[in-house]
Amino acid sequence: MTDLIDCAQQAEQERLARLLAGRPAPPAPRAKPADGAPLCCEQCADPIAPARLRVHPGARLCIECQQRAERQAAIFAGHR
Ligand SMILES: [Zn+2]
């Protein structure tokens with residue numbers, strides 16, 4: 001839970017920092033974490049495990065959401 005709050009606080013702080021710097025906000029509302037900061041899952045906003053990001057550097061879903069998506073894809077594939 002602490003990690004989840006950290007993720008939300010980090011995104012908010014980056015947004016405020018940009019506002020204070022007078023720079024326009026980026027087109028995408030999703031904040032790009034700095035190196036070493038936890039990336040958050042696009043579906044549940046949980047931090048994505050660093051070990052997972054080492055294997056899949058472009059991963060945007062946590063392992064739970066990724067597995068759920070793959071199960072659903074397999075179900076849809078089976079109906080063809
Ligand atoms: Zn997730």
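Here are a few questions and answers about the chain shown above. This is a predicted model, so local features need pLDDT of at least 70 and side-chain atom pairs count only at pLDDT 80 or more, while totals for chains, interfaces and linings use all residues. Residues are numbered from 1 along each chain as its sequence is written.

Me: In what order do the elements of the chain run from the N terminus on?
Reply: Glad to start there! Helices (H or I, at least four residues) and strands (E, at least two) are DSSP runs, numbered from the N terminus. The chain has three helices and zero strands. The order is therefore α-α-α.

Me: Which element of the chain has the highest mean pLDDT?
Reply: pLDDT is the predictor's confidence in each residue, from 0 to 100. The chain averages 80. Helix α1 (residues 2-20) has the lowest mean among the elements, 79, and the highest, 93, belongs to helix α3 (residues 63-78).

Me: How far apart are the end C-alpha atoms of α3?
Reply: The expected span of a helix is 1.5 Å times one less than its number of residues. For the 16 residues of α3 that gives 22 Å, and the model agrees, with its end C-alpha atoms apart by 22 Å.

Me: Is Ala-45 buried or exposed?
Reply: Ala-45 sits in the loop between α1 and α2 (50-55). A residue is buried if 20 or more other C-beta atoms, placed from the backbone, lie within 10 Å of its own, exposed if 12 or fewer, and partly exposed in between. Ala-45 has 12 within 10 Å, so this residue is exposed.
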